There are 2 protein chains.
Amino acid sequence: MNTEKELLDYIRNGGERFLPHVSIDCAVFGFHDNELKILLLKSKFLEDWALPGGHILRSEPLDVAAQRILNERTGLNDIFLKQFQSFGDPNRVSADNMNYLKEVLKVPLATDHWLLDRTISIGYYALVEFSRVNPILDYFTARYQWWDVHDLPSLVFDHALMVEKALQTVRLQLNYQPVGYNLLPEKFTMPELQKLYETMLEKPLDRRNFQKRMLGLGILERLEERKKVGPHKSPYYYRFNRKKYQEALSAGLSFGF
Amino acid sequence: MNTEKELLDYIRNGGERFLPHVSIDCAVFGFHDNELKILLLKSKFLEDWALPGGHILRSEPLDVAAQRILNERTGLNDIFLKQFQSFGDPNRVSADNMNYLKEVLKVPLATDHWLLDRTISIGYYALVEFSRVNPILDYFTARYQWWDVHDLPSLVFDHALMVEKALQTVRLQLNYQPVGYNLLPEKFTMPELQKLYETMLEKPLDRRNFQKRMLGLGILERLEERKKVGPHKSPYYYRFNRKKYQEALSAGLSFGF
DNA sequence: AGCTAATGTGTATCAGATACACAATAATTT
DNA sequence: AAATTATTGTGTATCTGATACACATTAGCT
């Protein structure tokens, strides 16, 4: 949807290519500056911020649709994505919220218009490496911004609820989901990994016990290289051993949190 | 849908009252004879067995719809129900699978018929007390039957996948969901509670340690009464202290499994 | 060269989980 | 009525994993 023409076509005829009554919204998490962040977009036509989302093609599987939607908006492939909940409050999208469509079209919409009917949204959460995301603007989107999950702007529809539930889900799954693997870059230091878990759990952890536990899982490799990061001893870089990580996960790994 | 007339009306005009493209299916779990069971129905018009399910009224919240659907079929109210996953494979319901509609209507269906279009199903699982379920037959349903989850018949559409995912979810949530509370009757013995957990976890547990752990949670009350159950010592009845249970759950209770 | 702030590492202790045994008892059999 | 059988009620010793905790090391700064 890079031009007004494409957007108009989407609004007018999207119901033929896309499945009506259902959509997908994605809570994209990243980790930066010791904060858990979420990627939100600001539409040209709405006051509030929104999760990136979209519709499902008529013959497209759900997970594929979620990947495609995020790929179109961030350029990322093979994103770690998990369905977490579907949202279907009959008033989750009010007619008022959809007024922007009139602005774009400049003509009234039929009351049975495919975008005005009740829509159930399937929530996905994504864990991405902060620095790899290069948001792609389209005709609908004014800008993207990462927001600290503790300090969010006003959100459209029920997207605040979605963020809350996505966060709950990620926190509950912290024990057996590869959170560190997906949120951190290839190389990272032990203090960085610890900060991530401290942020997620919202509590401080003992440095020595944390390291013992992580190394005890047998999924980390210490590199020769150290990160030069200030007037003090330099921490080693670590990386996940992909193979051992996969094995541990399928064997029922628990991080112990 | 107690008469052919109602069923025909549902097929022909249901799209006006119900939201198309979305449905709900419920995996109803019960516990009996030391087996985890699931409630399936056999339609008059299909060879395979199916999960009880239905459509969502145009302005009905999802959880309300799930309760209503189960209430219509089991007579139960206030069922413990949790959404666990949405299923949206584009081929999850093939055209062949819907042939039965022609049989009922005795006329061909329009290719854009609301029941023939792709439908995404929202999966719920329910935990119910086995003996309280009195399945209600309607014009569509030939009979209901409880099935051991380890020994299921052939299922329609993607319902086998739904059962598998529902089971996975219940097992993962065993630690912080009131499984015993919902699957067992008001009064139960410690051996019965233990059997339930052993069945869920698929492994034997030490009798003494199990009892210590359960009583240690502070949510059980021992009654004076004992269950007379054979040529040996009679076990005490226990029941959950509803208030303490709620408190413990919201305080982040973990059963330790 | 000395200072500062963070990292690398090991041990002692505690709590919770596990392993384990014997006395009590309800119904049945003798 | 006594003995038998199968199951329940209960307590302790041990082990494992989690937690608490301290000192030596070092990169960059002054």
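Which elements each supply at least two residues of the surface near DNA strand C?

Modeller: This is a predicted model, in which local features need pLDDT of at least 70, side-chain atom pairs count only at pLDDT 80 or more, and totals for chains, interfaces and linings use all residues. Residues are numbered from 1 along each chain as its sequence is written, chains are lettered from A and ligands numbered from 1 in the order in which they are written, and side-chain values use heavy atoms, with hydrogens and water left out.

The elements are α7 (207-216) of chain A and α7 (207-216) of chain B; helices here are DSSP runs (H or I, at least four residues), numbered from the N terminus. The most is given by α7(B), with five residues. A residue is near the strand if one of its heavy atoms lies within 4 Å of it. There are 24 residues around DNA strand C, and Pro191(A), Lys212(A), His232(A), Pro231(B) and His232(B) come nearest. By class, this surface has twelve charged residues (Asp, Glu, Lys and Arg), seven polar (the others, Gly among them) and five nonpolar (Ala, Val, Leu, Ile, Met, Phe, Trp, Tyr, Cys and Pro).

A side-chain N or O atom of Arg207(A) is 2.9 Å from a base oxygen of DNA strand C. In chain B, a polar backbone atom of Lys233(B) is 2.9 Å from a base oxygen, while a backbone N or O atom of Gly230(B) lies 3.5 Å from a sugar or linking oxygen.

How values were computed: Polar contact = N/O pair within 3.5 Å; in protein donor to acceptor, adjacent residues only side chain to side chain.
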